[in-house]
Amino acid sequence: MITHYTVTGMSCEHCRHHVTTEVGSIPGVQTVAVDLASGGMDVTSAAPVPFEAIQAAVHEAGDYEVQPG
């Protein structure tokens, strides 16, 4: 399943890399694709990943905010 999120606060490739790495380390997450220009993030997983886990990983990556959709 692919779930779409919007991440705000990213300004460079370094930001994108940190968000991708942190979210990708969540158990069950298979792939993460982050588009720096739009702030869009697609998370692929076999089963639903709790939003709280996504939110915690994005916050761990830096001073970013994430919203579903």
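## Pairing of strand 1 with strand 4

In this predicted model, Val7 stands opposite Val66 in strand 4. Strand 1, which covers residues 2-8, runs antiparallel to strand 4, and 4 bridges join the two.

## Pairing around strand 3

Strand 1 is also joined to strand 3, by 5 bridges and again in the antiparallel sense. Here Ile2 has Thr44 of strand 3 as its bridge partner.

Strand 3 pairs with strand 2 as well, antiparallel and over 5 bridges. Within strand 3, Ser45 is the bridge partner of Val29. The hairpin formed by strand 2 and strand 3 has 5 residues between the strands, and Gly39 in this hairpin adopts a positive phi near 80°.

Taken together, the 4 strands make up an open sheet with antiparallel pairing, in the order 2-3-1-4. Strand 2 (29-34) and strand 4 (65-68) each have a single partner strand and stand at the edges, so one side of each lacks a neighbour in the sheet. From one strand to the next, the twist averages 30°.

## Helices across the sheet

Helix 1, formed by residues 13-24, lies across strand 2 and strand 3 (40-45). Its direction makes an angle of about 165° with strand 2.

Helix 2, formed by residues 51-61, lies across strand 1, strand 3 and strand 4. Relative to strand 4, helix 2 runs at about 155°.

The protein chain contains 2 helices and 4 strands. Read from the N terminus, these elements follow one another as β-α-β-β-α-β.

Among contacts in the protein chain with a separation of 6 or more, 58% are between residues 24 or more positions apart.

## Dimensions, burial and surface

The C-alpha trace of the protein chain spans about 30 × 20 × 15 Å along its principal axes. A compact globule of 69 residues would have a radius of gyration near 11 Å, and the value of 10 Å for the protein chain therefore agrees with that expectation.

Of the 69 residues in the protein chain, 33% count as buried, the cut-off being under 20% relative accessible area. The protein chain exposes about 3900 Å², of which 55% is supplied by carbon and sulfur atoms.

Technical notes. Residues numbered from 1 in each chain as written. Predicted model: local features only at pLDDT ≥ 70, side-chain atom pairs only at ≥ 80, totals over all residues. Heavy atoms only, no water. Pairing = 2+ DSSP bridges. Axes fitted to C-alpha atoms, helices over the stretch in contact; angles between N-to-C directions. Contact = heavy atoms within 4.5 Å. Rg over C-alpha atoms; globule rule 2.2 N^0.38 Å. Buried < 20%, exposed > 50% of the residue type's maximum accessible area, 1.4 Å probe, protein only. Areas by Shrake-Rupley, 256 points an atom, 1.4 Å probe, with all protein chains shown as cover.
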